[in-house]
Amino acid sequence: MSQTVDRALTILASLGEGPASLEQAAARIGVHKSTALRLLRTLQEHGFVHRQPDHRYRLGGRLFGLAQQALECIDIRQVAAPYLASLCERYGHTVQLAVLEDGSVLYLDRVEGRYPAPPSGAPEAAGRIGTRVPAAAGPAGKVLLADLPEEQLTAFLEDLDGGPGAAPAEGLRAELAAVRRRGWAAGQGGYRESVDCLAAPIVGAEGRSIAVCTISAPARLAPEADLSKLLPELLCTAEAISLAYGGSPTPRWCENRCGARHVERASRT
C-alpha cells in the first residue's frame, strides 16, 4: 500500500468526525506537522478538504459530489438481489423489490416462491419485473407513499381519482400516517384478495424510502397471522439492503440474519 495514499485517506476519514487543526491531523496519522500540511494542501487543491477561517480543516465539497455520483451509479436491484434471494430461500415465499415512479409502483425484481403468487395489490399479470400497479392499491405502494415529502404527498392525494383499490384521499392520508409511524405495511390488495403481503422500506442516504421490499404468499397457504411472524425477518432484510446501498436507516432490526455488517456511524462534535 502506498504510504502517502494511506495517510491521505486516514486524514479524510478522521475529518468525517469533524473539523481538525493541523496539529490534530498530524497526530491522527502519526507524522510531523510539515508532512500533514503537504497532504492537506494537496487534498485542498483537489477540493477534498477545505480550510476554514479558524484554520481548521474539514471535508471539502468535492467529496459530497463524488458521493452522490457513486450512489447514482449503484443499481438498487443489483444490491438487493442476494438479500431477496436469501429471504425467499429461507421461507419459500415470493419476495419483490419495487419503487415509486409517476404515482405507480414499478416492480424492479421478483424472486418466485415455491408456489407462484401475484403480489398483493396486483392483477394476475402484474408483479412481473417492469409492470406497474396503482400506488394506493397495496402495502408496497403505501410504504412508499408514506415517506413522501408533504408537498408531494398532497399533490398525489389531490390527483387521486378513486380508481380500483384506491382509498378516499383523507382516509388514505390517515392510513399512510400510521404506516409511517410503524415503519411497515401489511394487507391484501384491491385486485387479488387471496394474497397477503408485508412491505418494508429501503432507506437511502437522505433517510427517505427509495424502494420497498415485500414478501407475499397465498392466504390459503400462509394466513396473515403466519405471514406476520416473518415481519422481523423482512425488516432486517430491508435494513440490510439499505446499509449495503449506502443508506442511513435507523438500526433497529438488522441482526446479521441477512449477512449485513452494521457499522456505527461516527458522531459529529
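Buried means under 20% relative accessible area, exposed over 50%, and partly exposed in between (1.4 Å probe, protein chains only). The exercises below concern a predicted model, in which local features need pLDDT of at least 70 and side-chain atom pairs count only at pLDDT 80 or more, while totals for chains, interfaces and linings use all residues. Residues are numbered from 1 along each chain as its sequence is written, and side-chain values use heavy atoms, with hydrogens and water left out.

**Exercise 1. Confidence**

Determine which helix has the lowest mean pLDDT among the elements of the chain, and which has the highest.

Solution.
- Step 1: pLDDT is the predictor's confidence in each residue, from 0 to 100. Its mean over the chain is 80, and 80% of the residues reach 70 or more.
- Step 2: Helices (H or I, at least four residues) and strands (E, at least two) are DSSP runs, numbered from the N terminus. The chain has ten helices and eight strands.
- Step 3: The lowest mean among these elements, 72, belongs to helix α4 (residues 61-73), and the highest, 94, to helix α6 (residues 139-146).
- Step 4: Over residues 119-126 pLDDT stays under 50, and the model has 33 contacts beyond four places in sequence for them; a contact means heavy atoms within 4.5 Å. Residues 260-269 also have pLDDT under 50 throughout, with 14 such contacts.

**Exercise 2. Strand β7 and its partners**

State how many residues of strand β7 are buried, and identify the strands with which β7 pairs.

Solution.
- Step 1: Strand β7 covers residues 195-203; nine of its nine residues are buried, so the strand is largely enclosed by the rest of the structure. For the chain, 45% of the 269 residues count as buried.
- Step 2: Two strands pair if DSSP finds at least two bridges between them. Strand β6 (residues 185-188) pairs with β7 in the antiparallel sense over four bridges, and Ala 185 stands opposite Ala 199 in β7.
- Step 3: Strand β8 (residues 209-218) runs antiparallel to β7 and is joined to it by nine bridges. Pro 201 has Val 212 in β8 as its bridge partner.
- Step 4: A hairpin is formed by β7 and β8, with five residues between them; in the turn, Gly 207 has a positive phi of about 85 degrees.

**Exercise 3. The side chain of Ser 242**

Find the backbone atoms that lie 2.7 Å and 2.9 Å from a polar atom of the side chain of Ser 242.

Solution.
- Step 1: Ser 242 belongs to helix α10 (residues 231-245) and is buried, its relative accessible area being 0%.
- Step 2: The backbone nitrogen of Val 203 is 2.7 Å from a polar atom of the Ser 242 side chain.
- Step 3: For the backbone oxygen of Ala 238, the distance to a polar atom of the Ser 242 side chain is 2.9 Å.

**Exercise 4. Salt bridges**

Explain which parts of the chain are tied together by the pairs Glu 23 with Lys 33 and Lys 142 with Glu 175.

Solution.
- Step 1: A salt bridge is a side-chain nitrogen of Lys or Arg within 4 Å of a carboxyl oxygen of Asp or Glu. The structure holds ten of them.
- Step 2: One of these joins the side chains of Glu 23 and Lys 33 (3.6 Å, N to O). Glu 23 lies in helix α2 (residues 22-29) and Lys 33 in helix α3 (residues 33-45), so the pair ties together parts that are ten residues apart in sequence. Glu 23 is partly exposed at 45% relative accessible area, as is Lys 33 at 39%.
- Step 3: Lys 142 forms a salt bridge with Glu 175, in which the closest N and O atoms are 2.9 Å apart. Lys 142 lies in helix α6 and Glu 175 in helix α8 (residues 169-182), so this pair ties together parts that are 33 residues apart in sequence. Lys 142 is buried, with a relative accessible area of 16%, whereas Glu 175 is partly exposed, with 30%.

**Exercise 5. Positive phi**

Locate His 55 and Asp 102, residues with a positive phi that are not glycine.

Solution.
- Step 1: Most residues other than glycine have a negative phi.
- Step 2: His 55, with phi near 75 degrees, lies in the loop between β1 (49-51) and β2 (57-59). His 55 is partly exposed, with a relative accessible area of 49%.
- Step 3: Asp 102, with phi of about 55 degrees, is found in the loop between β3 (94-101) and β4 (104-111). At 73% relative accessibility, Asp 102 is exposed.

Definitions and conventions: A polar contact is a pair of N or O atoms within 3.5 Å; within protein, one must be able to donate a hydrogen and the other to accept it, and residues adjacent in sequence count only if both atoms are side-chain atoms.
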